Amino acid sequence: MNALEALIIAATLAGSTEPASPVVYDDSVTCLAKNMYYESRNQGTAGWMAVTAVVLNRVNDDRFPNSICEVVEEGPTRKSWKDPNVRIPIKHRCQFSWFCDGQSDNPKNKTAYNKMLGLADAILSNEMPFYDITDGATHYHADYVTPAWAKTKTMTVEIGDHIFYKWER
């Protein structure tokens with residue numbers, strides 16, 4: 001990341017920790033912010049941007065759903081026993097593990113989550129330029145595991161404790 005990018009990101013994040021009045025974000029911003037929060041909140045700005053790049057790269061790849069929320073929430077579901085019209089993600093089978101781990105999806109660290117909301121909103125509203133620092137990655141995993149699918153993808157970069165991959169055509 002060059003100095004200009006760092007300055008833009010810092011300026012965007014500086015004022016986004018606690019909004020003066022409640023801000024209502026659209027679903028895309030909320031889905032992207034939650035994914036950044038749960039997948040990379042301990043990574044710093046580079047990790048947040050890399051995880052965001054994977055989501056946006058998937059949205060733009062016809063092998064994945066075409067909306068941010070559909071990408072983030074992708075995975076097999078089952079019918080709810082309470083309401084057959086409701087679909088529930090199958091535990092531990094989602095593309096992004098936090099979405100179907102059985103835990104609450106309400107962020108506990110509000111300060112960190114508000115940073116993610118501000119960054120997601122700035123990216124999606126084009127208030128700040130977005131650079132894909134993953135070189136087109138559509139997949140990633142933590143560096144302490146080696147999923148079977150990693151052999152079928154091209155590694156692009158390692159950022160923090162995540163390794164990123166491109167899915168070649």
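Predicted model: local features only at pLDDT ≥ 70, side-chain atom pairs only at ≥ 80, totals over all residues.
Student: Where is D27 found, and which residues form a negative surface patch with D27?

Tutor: D27 belongs to helix α2, which covers residues 27–40. The negative surface patch consists of D27 together with D26, E70 and E73.

Student: Is helix α2 mostly covered or mostly open?

Tutor: Helix α2 is mostly covered, since 10 of its 14 residues are buried. Among them are V29, L32, M36 and Y37, and the charged residues K34 and E39 are buried too.

Student: How is the span of α2 to be read?

Tutor: One compares the distance from the first C-alpha to the last with the span expected at 1.5 Å a residue. Helix α2 reaches 19 Å, close to the expected 20 Å.

Student: Which residue meets R63 in a salt bridge?

Tutor: The side chain of D61 does, with an N to O distance of 2.7 Å. D61 is buried, at a relative accessible area of 8%, while R63 is partly exposed at 26%.

Student: Which other salt bridge does D61 form?

Tutor: D61 also forms a salt bridge with R169, where the closest N and O atoms are 3.2 Å apart. D61 lies in the loop between α3 and α4 and R169 in the segment after β5, so this pair ties together parts that are 108 residues apart in sequence. R169 itself counts as exposed, at 70% relative accessibility.

Student: Which residues are linked in a network of salt bridges?

Tutor: The network links D61, D62, R63 and R169.

Student: Which residue meets D135 in a salt bridge?

Tutor: The side chain of K166 meets D135, at 3.6 Å from N to O. This pair links distant parts of the chain: D135 is in the loop between α5 and β3, and K166 is in strand β5, 31 residues apart. D135 is exposed, at 52% relative accessibility, whereas K166 is partly exposed, at 22%.

Conventions: Residues numbered from 1 in each chain as written. Heavy atoms only, no water. Patch = residues over 30% accessible without salt bridge, like charges linked within 9 Å, V, L, I, M, F, W, Y side chains within 5 Å. Areas by Shrake-Rupley, 256 points an atom, 1.4 Å probe, with all protein chains shown as cover. Salt bridge = Lys/Arg side-chain N within 4 Å of Asp/Glu carboxyl O. Lys, Arg positive; Asp, Glu negative; His and termini not counted. Charge placed at Lys NZ, Arg CZ, Asp CG, Glu CD. Helix = DSSP H or I, 4+ residues; strand = E, 2+ residues; numbered from the N terminus. Expected span 1.5 Å × (residues − 1). Buried < 20%, exposed > 50% of the residue type's maximum accessible area, 1.4 Å probe, protein only.
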